[in-house]
Amino acid sequence: MGRNEFTVAFAGNPNVGKSTVFNNLTGLNQHTGNWSGKTVSNAFGCMSYKNITYTLVDLPGTYSLLSGSKEEAVARDYLCFQSPDMVVAVVDATCIERNLNLVLQILEITSRVIVCVNLLDEAQKKSISVDLKELSRRLGVPVVGSSARSGRGMSELKEMIYNMTVNERKTYVDKIIYSPEIEEEAEKIFEKIRQKCKSDRIARFLSLRLLENDEEFNKSLEKSIGISVEAGVHKKEYKDMIAEEIIKTAERIFLSAVSFKNSEYNKRDRKIDRILTSKSTGIPIMLLLFGVIFWITIVGANYPSQWLSSLFESVNQFVRDTLTNIGTDNMLVSVICDGILKTTFWVISVMLPPMAIFFPLFTILEDFGYLPRIAFNLDKYFKRSGTHGKQALTMCMGFGCNACGVTGCRIIDSPKERLIAIITNALVPCNGRFPSLITLISIFFSASLVFPFNSILSALLLLSVIVLSVFATLGLSKLLSSTVLKSERSSFTLELPPYRAPQIGRVIVHSVKDRIIFVLWRAVAVAVPAGLIIWLLANIYIGDSSLLNYFTSSIDGFARIFGLDGVILAAFILGFPANEIVMPIMIMAYTSNSSLMEYDSLTQLHALFTTNGWTVVTAICVLIFFLFHFPCSTTCITIYKETKSIKWTMLAFILPTILGLTACFLISNISRLIFMLAG
Amino acid sequence: MMYLDKELSLLNSLNIGEKCVVRGLTSEGKERRRMLDLGLIRNTTVEAALRSPSGDPVAYYIRGALIALRSEDAAKVQVSAL
């Protein structure tokens, strides 16, 4: 007669494989990464086990619940005020002492906890042995060992979750005892707030927090259960004493449960780090790694792109013939084939191959643990711009999707530094712009060379474009941090997680699958309606000119000031919902006057652009404007959600646009001047 | 007062490969809490492990984890020789 639905929260430090455990149990494919803050908001999933339905909640990875970053607040408030039925605390077997801090804090909120010691395979490699029984005895809760990447320990974990929820297995968690003074004060508060709390344990936890007198936590307490700040008597030393007691307890438990056969267990990591972060090789290797990834992407994407586009061309022709044969109206055939299908197929064939190559490679770097090293290497430059090295990580997320990058900025603790990272995130080219950049580079700058020099040049140019976007980010950050977002510098702590051998096969399979789903979904969600609308604009005539024509010619004069033309600017404006459709709009607008030409090959695309007056300078300007213009609508909405401010959203919209237009203006006019002087 | 015989210095003066023991923190508020959460409490052994290409930040081994701190933050950690 028991319940058959339970909620289980997953908590843990960043980089402990929490998302892998979570995905393993739910079958969900949440992207996992070896850096802080991959799970930026609570992710939900479902698990069925022995006819019981579990709702699994993946909390953001944090080191603590008490030091006040945005994601810590999310995790802590969830545990305190949403009261899940139980918590799975995932810890890294190679770094248990550090992880126990969080586990002990969670145990102060609830005793319904299972500790999952993950990455046991990595610990074995480093000859670290963990006495799971002793750990369980010391903590008073069940402990399971696992290597989630290979699935080891997952069925035991399920069984333990079942036992704890359905069979209500007991736990024996000792309270951490603080100094008599703290205990006495905490007890006084406890008496006052007990009635308002869901359990004695939560009441004690909150009493201790009120003693620490953390402003932000006081606010969320007042909001959630109406406990006012006056309940606490506070002394400055309490905070230290409480934190120290937890750390010391963690140390004691660690020493009794973990042993090292080899004290030099992280020697290999240090050797790798000395190469990847040293003064002479750190930054060159970083550039080289990205250059190679770009090169593989460009070379590898070429053939599948051609193959896909000729496949789609046949499909399109087949649909056209079939529709015509069954007597469909010519207009409707054109809407479907020239509008919807053409745009959608273009998006898929141009976007999918490079992204399905780039992301697996990038994920391998990520899995290996390299990305935090980028933040480490570049922090000095971010510091000079008045921002945080972790901004490098949010920029990396921006490669995938700027909206994700913006949400990811929650890993930055200081509100002002976080705002700067949010506002500048769109300066990094996302998934929807990357392939367009590659296309432009390939047709205008490296087409004249032969293989492999053409692809090497393309990769180098793409690398320069990315470096340019990094410089722009740093520059704009500097501008913001020295004007509207002037702030006191916040402290900088960045964990460099242990290196892990990436599971290359698994990463490739998962990441390719993720990208295919992502790109196809975007194609359907965005390209289908966009294709329809643009076709209508291009084919509804008023007088002897189409709506699209009216629009493009009305802004043509303005656009030419910046080295662009009306069609290009119109494409960017109409492409506001998604950057993927900017190029298809240009193509459709250019071809709408003439009979439709096929634009399947790069040479033809080049011909189309040049007959419409493009020069190399135009191409550079378009490239720059692709890099620096207003973020897409999804990103803008996300910025608003994250900042709750129209002002900052507008700024995030306007600043990159001004930057892009200014750069285009300078480039086109300076080159005009040079041509005039030279000619 | 048992540490008076050992000279206090600051964590950012540590050379790579050197170890020291934490004696106290001079930071306040949230920053202090974050340092404490890293495990930087009294008597904790810390080793400077890596210097970034530009010299700052430096990564330290703190309780088994490798944590990068900027020089001015490390300067808020008082340490003494082992």
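Me: What does contact mean here?
Reply: The model is predicted. Two residues touch when their atoms come close enough, hydrogens left out. Contact means heavy atoms within 4.5 Å.

Me: Leaving aside neighbours within four places in sequence, which residues is Glu7(B) in contact with?
Reply: Glu7(B) sits in the segment before strand S1 (9–10) of chain B. Neighbours within four places in sequence are left aside. The contacts of Glu7(B) are then Val79(B) and Ser80(B).

Me: How far apart in space are Glu7(B) and Ala81(B), C-alpha to C-alpha?
Reply: In sequence, 74 residues separate Glu7(B) and Ala81(B). In space, their C-alpha to C-alpha distance is 7.6 Å.

Me: Is Glu7(B) buried or exposed?
Reply: The relative accessibility of Glu7(B) is 70%. The cut-off for exposed is over 50%. Glu7(B) therefore counts as exposed.

Me: How many helices and strands are there in chain A, and what is its radius of gyration?
Reply: Chain A has 27 helices and 11 strands. The globule rule gives 26 Å for 679 residues, and chain A comes close to that, so it is as compact as a globular protein of that length. Its radius of gyration is 28 Å.

Me: How far apart are the C-alpha centres of domain 2 and domain 3 of chain A?
Reply: Chain A is divided into domain 1 (5–165), domain 2 (180–260) and domain 3 (282–678). Between the C-alpha centres of domain 2 and domain 3 of chain A, the distance is 48 Å.

Me: What share of the residues of chain A count as buried?
Reply: Buried means under 20% relative accessible area. Of the 679 residues of chain A, the buried share is 59%.

Technical notes:
Residues numbered from 1 in each chain as written. Chains lettered and ligands numbered in written order. Predicted model: local features only at pLDDT ≥ 70, side-chain atom pairs only at ≥ 80, totals over all residues. Heavy atoms only, no water. Domains from an automatic or database assignment. Helix = DSSP H or I, 4+ residues; strand = E, 2+ residues; numbered from the N terminus. Rg over C-alpha atoms; globule rule 2.2 N^0.38 Å. Buried < 20%, exposed > 50% of the residue type's maximum accessible area, 1.4 Å probe, protein only.
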